[in-house]
Amino acid sequence: MRLPEEPDLPPQIYIVPMIDVIFALLTFFIMSTLFLTRSQGLPVNLPSAATAEAQKSTQATVTIDQTGKLALNRKPIQLNNLTNQVQALKGKNSQVLVVIDADRRVTHGQVITVMDRLRLVPGVRLAIGTQ
């Protein structure tokens, strides 16, 4: 039973829990978009460059790690087999873009040797990966 002396309280909407839910959803979407990037090379410590531009379509990635070991699209490969594998990866396409991700501790001579081998394949465009 309600007594006549009690004041009648108007209904209220509390927006603080709604704000918490919105921030939780925002955090979820931000964190989930961070995992949408696709990495094709092995993790190496890339040097930075002021004039670096992102390539729109990467078809092959040659990675040279700090010990000088090669990998083509994350699969270990020998230097002698590199031209045959890139030619097979190229297939019927007229051109293929090969990005060379070389660790900063790799000597310049090793990178040039890989580039010379890749230039033997007709229609290969070369790019060097940076951060």
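Reader: How many of the residues of S1 are buried?
Author: Five of the five, so S1 is largely enclosed by the rest of the structure. Buried here means under 20% relative accessible area, with exposed over 50% and partly exposed in between (1.4 Å probe, protein chains only). Strands are DSSP runs of E with at least two residues, helices are runs of H or I with at least four, and both are numbered from the N terminus.
Reader: And what am I looking at, before we go on?
Author: This is a predicted model, where local features need pLDDT of at least 70, side-chain atom pairs count only at pLDDT 80 or more, and totals for chains, interfaces and linings use all residues. Residues are numbered from 1 along each chain as its sequence is written, and side-chain values use heavy atoms, leaving out hydrogens and water.
Reader: Back to S1, then. Which residues point which way?
Author: Ala60, Val62 and Ile64 point one way, Thr61 and Thr63 the other way, and all are buried.
Reader: Which strands does Val62 face, and through which residues?
Author: Val62 stands opposite Ile100 in S4, and its bridge partner in S2 is Leu72. S1 and S4 pair in the parallel sense over five bridges, while three bridges join S1 to S2, which run antiparallel. Pairing takes at least two bridges found by DSSP between two strands.
Reader: What order do the strands of the sheet have?
Author: The order is S3-S2-S1-S4-S5, an open sheet of five strands with mixed pairing. S3 (75–77) and S5 stand at the edges with a single partner strand each, so one side of each is left without a neighbour in the sheet. Direction ignored, neighbouring strands are turned by 30° against each other on average, going by axes that are lines fitted to C-alpha atoms.
Reader: How do S4 and S5 run?
Author: Parallel, with five bridges joining them. Val98 stands opposite Leu126 in S5.
Reader: Ok, helices. Which residues of H3 are buried?
Author: Val111, Val114, Met115 and Leu118.
Reader: What covers them?
Author: The cover includes strands S1 (60–64), S2 (70–72), S4 (96–102) and S5 (124–128), plus helix H2 (82–90). Contact means heavy atoms within 4.5 Å.
Reader: How far does H3 reach?
Author: H3 (residues 108–119) has twelve residues and reaches 17 Å from its first C-alpha to its last, close to the 16 Å expected. The expected span is 1.5 Å times one less than the number of residues.
Reader: Last one: how many aromatic pairs?
Author: One. Phe28 and Phe29 sit edge-to-face, 5.4 Å centre to centre with 65° between the planes. Rings of Phe, Tyr and Trp (its six-membered ring) pair if their centres lie within 6.5 Å; planes under 30 degrees apart count as stacked, over 60 as edge-to-face and the rest as tilted. Phe28 counts as exposed, at 52% relative accessibility.

Methods:
Axes fitted to C-alpha atoms, helices over the stretch in contact; angles between N-to-C directions.
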